Amino acid sequence: MSVSLFDPIFGATAVVAATDDRAWLGALCEVEAALARACARAGVIEQATAARITTAAGELGRSDPAELGRRAAADGNPVIPLVAALRAAVGEDAAAVHLGATSQDVLDTASMLIAHRALAGIVADLSACGASSARLAREHRDTHMAGRTLLQQAVPTTFGALAAVWGAALDRAGAGLAATRDDLPVQLGGAAGTLAGLPLDVVAGLAAELGLSEPGGVWHTDRTVVAALAGALGVAAVAIGKVATDVVLLAQTEVGEVREDAPGGSSIMAHKQNPIAAVTARAGAARAPALVATLLSGQHELQRAAGAWHAEWPALVALLRAVGGAASRLDTCLTGLHVDTDAMARNAAGHDGDTGHAGEFVDRYLDGRSP
């Protein structure tokens, strides 16, 4: 894994490992090997042949991804040179490699594998953020603070009520991503989406081999699968960005109502206590809408898109990294977040009225959370 200068800053180190070039090469090779095993399950090729292809694919998965990328430029996707290399490696079994599949089958299925693995960490971080929010809501159910509308003080509320809003959004986002992850399907339709030359049960076998779901049909140019994934990641970015923005605002020197456990400093101003985890979580979340738009904008024509499909690959990687990094940084922000109740009381002076049903809303939120 090659970690860039900015990956650790934006919390993306773990998700980069799940989405980098070596992860992609490994996923592509896994799909080719799984396809061979699924064909053997269906009696299309011999088990021994599938085993030899699996071994060769494993070895190819440890080769140089950059070299594959250079060779892919001529044909527009990395599967074509990968298949050529795999066929050369297995020799007399070459005809059984990539049997009945097209490049898009392999690349789409590999992208689902990549997303499935990356989402595991993102969902876990969102769950941790939700748990931290629930803890804050419980601890500060009755902690009065000034409510603020249009960034001006309004009527009083409680910090617990605000934390409950955070937690509810994070829980919904995490549940949505988890459900989307469970539904990520394989792709297998062959050259024009008719699966010519293979029995239909190879699709189920491929899904079983890879631990992905079996699709209801071919989705070469039905990109609602990708759109649903992008949408779920976009919702997560909205939830993350809301919390991060509130922390940044409440941590301002003039407000001082919250403080991160390990605030960042400045290269020139020694007095600075920057809520840097919230700042970088907010930055990651801010990148998501444009990437979601790219993944929603592709109107894929007929049986294979000319360009719209290709545009998805880097956008999906970037979106997973942006949201994954943001979730990781928000987890850091909320873990050990310090709440200054004296500052909240001081800032709410003169606004000590009724907090309405804030406490009841906190109770309902906590009661509704899964144990």
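Author: The protein chain exposes about 16,500 Å², of which carbon and sulfur atoms supply 56%; accessible areas come from the Shrake-Rupley method with a 1.4 Å probe, and for residues only the protein chains shown count as cover. The model is predicted, with local features requiring pLDDT of at least 70 and side-chain atom pairs counting only at pLDDT 80 or more, whereas totals for chains, interfaces and linings use all residues. Residues are numbered from 1 along each chain as its sequence is written, and side-chain values use heavy atoms, with hydrogens and water left out.

The protein chain has 13 helices and four strands; these are DSSP runs numbered from the N terminus, helices being H or I with at least four residues and strands E with at least two. The C-alpha atoms fill a box of roughly 85 × 45 × 35 Å, taken along the principal axes. Of the 371 residues, 50% count as buried, where buried means under 20% relative accessible area, exposed over 50%, and partly exposed in between (1.4 Å probe, protein chains only). Among contacts between residues at least 6 apart in sequence, 79% join residues at least 24 apart; contact means heavy atoms within 4.5 Å.

The part to examine is helix H9, residues 224-250. Two packed helices are described by the angle between their axes and the distance between the axes. The axes are lines fitted to C-alpha atoms, for helices over the stretch in contact, and the angles run from 0 to 180 degrees between N-to-C directions.

H9 packs with helix H11 (residues 308-334) at an angle of about 30°, with their axes 10 Å apart. That makes H9 roughly parallel to H11; angles under 35 degrees count as roughly parallel, over 145 as roughly antiparallel, 65 to 115 as roughly perpendicular and the rest as oblique. H9 passes H11 in a left-handed crossing, in which the near helix is turned anticlockwise from the far one by less than a right angle; clockwise would be right-handed. On the H9 side, the residues in this contact include Leu229, Leu233, Ala236 and Ile240, and on the H11 side they include Glu312, Leu316, Leu320 and Val323. By class, the contact of H9 with H11 has 19 nonpolar, no polar and one charged residues. Here Ala, Val, Leu, Ile, Met, Phe, Trp, Tyr, Cys and Pro count as nonpolar, Asp, Glu, Lys and Arg as charged, and the others, Gly among them, as polar.

Helix H7 (residues 159-183) packs with H9 at an angle of about 160°, with their axes 9 Å apart. That makes H7 roughly antiparallel to H9. The crossing of H7 and H9 is left-handed, and the residues of their contact divide into 19 nonpolar, two polar and two charged.

By class, ten nonpolar, no polar and no charged residues take part in the contact of H6 with H9. An α-helix has 3.6 residues a turn, so residues three or four places apart point the same way.

Leucine 119, found in helix H6, counts as buried at 0% relative accessibility. Leaving aside its neighbours within four places in sequence, leucine 119 is in contact with Leu177, Arg181, Leu184, Leu229, Leu233 and Leu320. Leucine 119 and alanine 207 are 88 residues apart in sequence and 18 Å apart in space, C-alpha to C-alpha.

Alanine 207 is one of the buried residues of helix H8 (residues 201-210). The buried residues of H8 pack against helix H2 (21-41) and helix H6 (103-139). Glycine 211 follows H8 and has a positive phi, near 75°.

Beyond H9 lies the loop between H9 and strand E3 (258-259), where threonine 253 is found. Threonine 253 is exposed, with a relative accessible area of 75%. Leucine 302, in the loop between helix H10 (276-296) and H11, is also exposed, with a relative accessible area of 69%. Although leucine 302 is not a glycine, its phi is positive, at about 50°.
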